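Here is a friendly briefing to read alongside your structure. Have the viewer open as you go, and look up each residue as it comes along.

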Amino acid sequence: MPATIETTTINSAIGRDTPRIDGPLKVCGKAMYASDFPFPGLLYAVPVEATIANGKLQRLNTSDAEKMPGVRAIFHRRNIGKIFRSVLQPNNRGIADERRPPLADDVICYYGQYIALAVADTFEAAKAAADAVRATYTKRKPNVAVDLQPDNEAEVVETARGPLNRLQSQRGDPENALASAPVKLDQTYVTPIETHNPIELQGTTAMWDGQTLTIYEESQAVFNLRSVLAQMFGLPTENVRVITKFVGSGFGSKLWPWTHCALACAAARQLGKPVKLVLSRRMMFQSVGHRPRTQQRVRLGATEDGKLVSLMHDYVTDVDMLGGYRENCGEATSYFYSVPNLRVHWGRTHRNIGSPTAMRGPGAVPGLYATESAMNELADQLKIDPVQLRVLNEPKIDEGKDIPFSSRHYLECLQLGAERFDWASRNPEIGSMKRDGAILGWGMSGAAWIAGRFPAQANVELREDGTARVACGTQDIGTGTYTILALLVSDKTGVPVNKVEVVLGDTSLPPGPTSGGSLATGSVVPAVFDAADNAINSLLTVATTGPGSPFENQKTDDLAFEAGRVFVKAAGPAKGMSFADLLRRTNMALVSGSGKSEGTVDDKKPKVSLHSYGCHFVEITWQPAVARLRVNRVVTVIDAGRIINPLAGRNQIEGAVVMGVGMALLEHTIYDPQNGAPINSNLADYLMAVNADAPTIDVHFLDYPDKDVNPVGARGIGEIGLAGVAAAITAATYHATGVRVRELPIRIEDVLTSSIPT
Ligand code: MOS
C-alpha cells in the first residue's frame, strides 16, 4: 500500500458558502421523509393513550372498537406478542430513555402512556377505533409539582446510561472560600419543562419479511435504533434495517427510540403486513421526551476586584417515575471560568410525566442560563462590566479535568462581539438608554458546548463518469450533513460538489455517527478522508497495473493525485489524466475505498479539553405603555473550529438564537395538576419564537481549526448557539426594566412591576 496521499486541492470547497445539495429535493417536495414511503397493503395504527398519569389500568373494553369497519386488530398487553427489554450494549448502542417496553405492565406512570393500539385499513378507521376503546383505572393523584426538592436518592444514582455520581465535580474548599469571600452571591434559577417541536411528527413504518424487520423512521441515530429493536424483538442485529432518508428536525427528541416504535413493529409482526404509526402533535408532548425542569442554586464568592474564589452549583431536575434520564446542567461549570474552589452537585425528583430526554444543548443550555445569569448579577453587584468580569476569570487550562484546552478563543469572541455590538457605548444605569420611545436593554452572556467525535466509518467511490459517491450510515436531521459530506469528498477528490452523490440514513451502510451532541460533522471528517484516501490508493493501483493505463510502467509512489487528476510527480499535473479518463481507459466502472475513525467521546482519560465557545450580545426594547418586550438585535460570535460550510453554519446559529428567544420569553410546557396532562400540547398554546419574534442576528465565526478533533479542525455548531442566549436576554431585561427574572420564561406580568418611566 502506498503511504497516505497528500492531496492539495487548490480551490478547496471547505470553508466556502455552499447551498444545501438536498435543498432542491426539499423545496420540490421530492425528499422522502420516513412516513412518506408507500407500501402495498399498508395498515395504519393509532395508539390509545392513558387519560390518567398515576395508577393502574383496570379494564380495557375493546369490543366496540374491534367491530368497527376496516379495523384489523386492537392490540393490548395480552395480544401484542413478546417485546423484550433492551439494555445498553458494550459498543454504547442500545440507548433508550424509557426502558420499559410498551404494554409491558398495567402500571400507568404518565399521562398519554400507550395502553392499546388500534390498527385498521385507513388512518381514519384506526383513529375512530382508538377513540372507541374504553379503559377504566384505579387512579392516584399525579405528582407534577413544579417545586423541585431532590429525592432521597443514593449519592451514586443508577441511570439508563449506567451509574453516575451526584457529586459531579469538586476542587478546593468551596464552603469556606465562600464564607470568607468579600463579595457573595446566592441565587436560584429555574427553567421550565420545554417540549421539542420539530415540524415532522415522529412515526414508524414497520414491515417484516420472515425474521427480518425493516423500519422507516425519522431517527437521529439509525444504528442505535437498530440495536434497541434487535434486542426488543430477539433478532440478530443484522436482521434489522433502519432507513432514515430525511428528518424534519429532531432537537434531540428523535435521538433515542420511544415506545411507539416498538408498538408499530410488534403490530406489523402480528398482522404480517406493513404498519405505519405517526404520532399526533399532542402525543409529541407526552411520550417522546422533553427538556426537564431545572432548579439551580448558584453560589459565587469573589474578591472586590472581581476574581472568583468560590463557585457552587447545586441543581435538581425532574425525571419520570421510571427514572432513566439525567440532565447534566453542570457540564460547563467546572471548566468555563478559573476558580480555585468549586463544587457541582445534583439531584433528581420523580414526577408522573413522560421521560425527559436530550433537547438541543441538553444540560449545558439550562446550566449556562443559571451560571451566566449569576456572573451577570455578580458583575452588577461589583459594578464591573460583565465582559470584564469574564476576562478577569479566564482560565489557562480546564481546571475541572486539569488538562489543557485543545483550542479556546473565548476572550477573542468577547472582544469581537463587543466591538460588533458597540458594547462600549453601553450606559450601565437601569433604564437609561432609550430610542424611538422605547427603553433599550443591553445584556450579554458566554456560551460553551462539547466537541469531539463518535466512531465512524464511510465508503467513497470514484466513478468512470467523473462523479463520486460517499456512503455513511449517519443521517441529516436538517442540519446540512448531506452537504458536509459532499464538501469533504470534493475537497479530497476534486470532484465538484454537485457531482458527489451522498448516501446516508440506512443501517445497510457503513456505521456512521449519531446526529447528536453537535458531533456528527466532527465525527465524519476523518472517516470520509480515510475512505477517500483509500479510493485514491485503489485508483493509483489501477493506474500502475491496469491494462490500458498510460502509467502502466510507473511505480505508485511516483504518481500523485491532485484535483481529480493522476500524474507522474516529476512531470506535473498538466501531463496527467483525469481519474474518469483513467477508469475508462482501463475499462473500470469505479474504484472504492473504505475509511474508519475512532471516537473521542468515551475517552475516560482525555488529554485535552474539547469544547466550543461563544458569546451573545443582546439588545431588547421595552415599551412599558403597551407592555411590549422584544428582542431586537443579537450579535453572536462562535469559536467552533474550522467552519466547513459557513452558509449553513450561520443558519444553524441563527436558528439557535431564535430558539433562545423562545426559551427566554415563551416556551413552557404546563401540566394539569388534576390529571397530569401537558395542557398546552399543541402549536397554538405552546408558544415558540416565530419569524415575527426573530431579532436581527449578526453571526460571526472565528474559524480557528482544532486539529485535536479532526484533520479539518471542525468542531460542531448544532447546539452552542442556544447556550447563554436566555441569560443575555434576562440581563438585558434587567438593564431596561430593573426587574430581575430568575425563572424562565420571562412573563409580561414579571416586567409589569418595572417602575422605569419611558
Ligand atoms: Mo441533540 S439534543 O444531541 O439532538
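**Briefing: a walk through the model**

Leaving aside neighbours within four places in sequence, Gln 202 is in contact with Glu 218, Ser 253, Lys 254, Trp 258, His 260, Leu 277, Val 278, Leu 279, Met 284 and Val 288. Please keep in mind that this is a predicted model. The average pLDDT of the protein is 96, and 98% of the residues score at least 70. Over residues 1-10, however, the pLDDT is below 50, although this stretch has 21 contacts in the model beyond near neighbours in sequence.

- You will find Gln 202 in the loop between β10 (183-191) and β11 (203-209).
- Is Gln 202 buried or exposed? Its relative accessible area is 1%, so Gln 202 is buried.
- The side chain of Gln 202 reaches the backbone oxygen of Ser 253 at 3.0 Å.

**Lys 254 and Phe 251, in one loop**

- Lys 254 sits in the loop between β13 and α6, and Phe 251 is placed in the loop between β13 and α6 as well.
- Lys 254 has a relative accessibility of 3% and therefore counts as buried.
- Which backbone oxygen lies 2.9 Å from a polar atom of the side chain of Lys 254? That oxygen belongs to Glu 200.
- Beyond its neighbours within four places in sequence, Lys 254 has contacts that include Pro 198, Leu 201, Gln 202, Glu 218, Ser 219, Val 247 and Gly 248.
- Phe 251 has a relative accessibility of 25%, so it counts as partly exposed.
- The phi of Phe 251 is positive, near 60°, in a residue other than glycine. As background, most residues other than glycine have a negative phi.

**Helix α5, a covered helix**

- How many of the eleven residues of α5 (222-232) are buried? Eleven of the eleven are, and the helix is mostly covered.
- Among these buried residues are Phe 223, Asn 224, Arg 226, Leu 229 and Met 232.
- The buried residues of α5 pack against the strands β12 (212-217) and β13 (240-243) and against helix α6 (259-271).
- After α5 comes Gly 234, with a positive phi near 60°.

**Asp 385 and Lys 383, between α9 and α10**

- The loop between α9 (364-382) and α10 (386-392) holds Asp 385, and Lys 383 lies in the loop between α9 and α10 too.
- With a relative accessible area of 31%, Asp 385 is partly exposed.
- A polar atom of the Asp 385 side chain lies 2.7 Å from the backbone nitrogen of Val 387.
- Setting aside neighbours within four places in sequence, Asp 385 is in contact with Ala 379, Trp 423 and Arg 426.
- Asp 385 and Trp 423 are 38 residues apart along the chain, and their C-alpha atoms are separated by 10.0 Å.
- Lys 383 is not a glycine, yet its phi is positive at about 55°; at 77% relative accessibility, Lys 383 counts as exposed.

- Two packed helices are described by the angle between their axes and the distance between the axes.
- The axes of α15 (residues 646-665) and α16 (residues 725-737) come within 8 Å and cross at roughly 55°. The two helices are therefore oblique to each other, and their crossing is right-handed.
- On the α15 side, the contact residues include Val 657, Gly 660 and Val 661, while Val 725, Ala 726 and Ile 729 contribute from α16.
- For α12 (residues 481-493) and α13 (residues 520-545), the axes come within 9 Å and cross at roughly 35°. α12 passes α13 in a right-handed crossing.
- Residues making this contact include Ile 484, Leu 488 and Lys 492 of α12 and Val 524, Phe 529 and Ile 536 of α13.

- Thr 18 is in the segment before α1 (23-27) and is buried, with a relative accessible area of 11%.
- The side chain of Thr 18 has a polar atom 2.9 Å from the backbone oxygen of Arg 16.
- Contacts of Thr 18, leaving aside neighbours within four places in sequence, include Thr 483, Leu 487 and Asn 645.
- The peptide bond from Leu 744 to Pro 745 is cis, with omega near -5°, and Pro 745 lies in the loop between α16 and α17 (748-751).

Methods: Residues numbered from 1 in each chain as written. Predicted model: local features only at pLDDT ≥ 70, side-chain atom pairs only at ≥ 80, totals over all residues. Heavy atoms only, no water. Helix = DSSP H or I, 4+ residues; strand = E, 2+ residues; numbered from the N terminus. Buried < 20%, exposed > 50% of the residue type's maximum accessible area, 1.4 Å probe, protein only. Contact = heavy atoms within 4.5 Å. Polar contact = N/O pair within 3.5 Å; in protein donor to acceptor, adjacent residues only side chain to side chain. pLDDT = per-residue confidence, 0-100. Axes fitted to C-alpha atoms, helices over the stretch in contact; angles between N-to-C directions. Parallel < 35°, antiparallel > 145°, perpendicular 65-115°, else oblique. Left-handed = near helix turned anticlockwise from the far one by under 90°.
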